[in-house]
Amino acid sequence: ETASRPGRDKVTLADVNLLGLERANPDFIGRTLGLQPGDAVDSRQIAQRVNAVFALSDFERVAYTLSGDPGQSALDVHLLEKSWGPHIVRFDLGLHVGTDEDTAFTIGADYLQTWVNDRGGELAGSFRLGRTSGLEASLYQPLDAAHRWFVEPGLLAQRSLQDLFDDGDAVTTYRFSSAWGYLDAGRVFGRRTELRAGVRSGAQSATREIGSPDLPEISSEGYGGLALRDTFDSRDRDVLWQRGMVARMAYFRSEEALGAEAPYDRLEGTATVVLPLDRNVGYLRVSGGSSFDTALPLYDTFSLGGPVSMPGLAIGELRGTSYWSAQASYLWRIADISYIFGQSIFAGLKFTAADMSGRIDGVGDSPIYSGAFVLAGRTPLGPLSLSLAGTSSSEWQLVLGLGRPIEEGTINDFGW
């Protein structure tokens, strides 16, 4: 929580003191506060800057007091760091149950250690078990006191079971496995935008679990290249947000000099805007990807299918070398569970159009359209969704999702 002393008259700050810091870097907190001796401010301006400090998520409580001469006062900012830090562990699970035996689950745990050094380094780790299982560890290290520039080395290893389709029919199941290290460097712009570039190097494989022995396999091959990612996120929450937008871009250039089997390019992007309409909400989203006519390995092809990327199709039903997708949805708020925690139930409609080119099944189909009835909400058990969707290709899916959304292998995945 934050607290402040009421009053509208401007005062000139004689001094600014940060009280109660134990782990957080005072230079970083001071830069975030953005107030210095000699500044002329009123209580509204002070409250805005104090709220910016509270928004860093390092503190249980942030309050301020003014003391001394009414016209030239000392500002004391009282900071209570979170008692449950700096070691934070979070567990979650997700369940996806659909028609055509399209069922998946995930169980996960995330670890975060904040302020591992006075520059604000963060040690992060994650574990996933389910349709996609894996481990990841990284060290996010700011390089300057304002936390604008950073580097992040990390390691990732995972495997996932993926169904491959031939003109809508599941014909085989593959195990995609990967293990690689990365080193990124980047810059943060405010609290909404992050741009990073880096290198990747490791190995990938795609082995057949079920299906004809005539189907191709990639037992193991080198994987490496240059990566570029950009993210803009002004949403007020991750699920069923009601203000802001999110835009993402990811580019990867496979390079033999970094261990890759063959060179190729892969660019994918998405943008979603919200249309707040009183108590209801609408979303508009466009997504697309291209390989620029280079040959993508099976494990790095684009995919569409699932309640997020293409309702009415099974997860990963369409795979190819380039695609576009557009989606519009409108949700009516039908029930409030908890105003304090922002938990509500929505019902509405979702319409999607998409086209996948260079499909691995060789089908050169026209764009596919889908319409879906959606029941979704934020509940005490986590995100809940129920979708009944049909497509122009005469397919339909009834899908129930609970908890962490299951990965669909697209840039719109929850954990991207």
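Asp278 is exposed, with a relative accessible area of 76%, and in this predicted model the residue is found in the loop between β15 (264-277) and β16 (280-290). The phi angle of Asp278 is near 55 degrees, which is a positive value in a residue other than glycine. Ser394 also has a positive phi, near 65 degrees, and is likewise a residue other than glycine. Ser394 lies in the loop between β22 (382-391) and β23 (396-403) and counts as exposed at 70% relative accessibility. The table sets out the two residues.

| Residue | Phi | Relative accessible area |
|---|---|---|
| Asp278 | near 55 degrees | 76% |
| Ser394 | near 65 degrees | 70% |

**Strand β7 and Leu112**

Leu112 has its place in strand β7, which covers residues 103-113. With a relative accessible area of 27%, Leu112 is partly exposed, because that value falls between the 20% limit for buried residues and the 50% limit for exposed ones. When residues up to four places away in sequence are not counted, Leu112 touches Pro86, His87 and Ile88, and also Glu122, Leu123 and Ala124. The C-alpha atoms of Leu112 and Arg90 are 8.7 Å apart in space, while the two residues are 22 residues apart in sequence.

**Helices α1 and α2**

Two packed helices are described by the angle between their axes and the distance between the axes. Helix α1 (residues 26-33) and helix α2 (residues 43-54) have axes that come within 8 Å and cross at roughly 140 degrees, and this angle makes α1 oblique to α2. The crossing of α1 and α2 is right-handed. On the α1 side the contact is made by Ile29, Thr32 and Leu33, and on the α2 side by Arg49, Val50, Ala52 and Val53.

**Aromatic rings**

A pair of aromatic rings is described by the distance of the centres and the angle of the planes. With centres within 6.5 Å as the criterion, the count comes to 11 aromatic pairs. Tyr330 and Trp332 form an aromatic pair with 4.6 Å from centre to centre and 75 degrees between the planes, an edge-to-face arrangement. Tyr330 is partly exposed, with a relative accessible area of 25%, and Trp332 is partly exposed, with a relative accessible area of 40%. Elsewhere, ring pairs link Trp180, Tyr182, Tyr223, Phe252, Tyr264 and Tyr299 into a cluster. A ring also takes part in an arrangement with a charge, where the charged end of Arg235 sits over the ring of Trp241, 4.9 Å from the centre of that ring.

Technical notes: Residues are numbered from 1 along each chain as its sequence is written. This is a predicted model: local features need pLDDT of at least 70, side-chain atom pairs count only at pLDDT 80 or more; totals for chains, interfaces and linings use all residues. Side-chain values use heavy atoms; hydrogens and water are left out. Rings of Phe, Tyr and Trp (its six-membered ring) pair if their centres lie within 6.5 Å; planes under 30 degrees apart count as stacked, over 60 as edge-to-face and the rest as tilted. Buried means under 20% relative accessible area, exposed over 50%, partly exposed in between (1.4 Å probe, protein chains only). A charge sits over a ring if NZ of Lys or CZ of Arg is within 6 Å of the ring centre and within 35 degrees of the ring normal. Axes are lines fitted to C-alpha atoms, for helices over the stretch in contact, and angles run from 0 to 180 degrees between N-to-C directions. Helices (H or I, at least four residues) and strands (E, at least two) are DSSP runs, numbered from the N terminus. Angles under 35 degrees count as roughly parallel, over 145 as roughly antiparallel, 65 to 115 as roughly perpendicular and the rest as oblique. A crossing is left-handed if the near helix is turned anticlockwise from the far one by less than a right angle, and right-handed if clockwise. Contact means heavy atoms within 4.5 Å.
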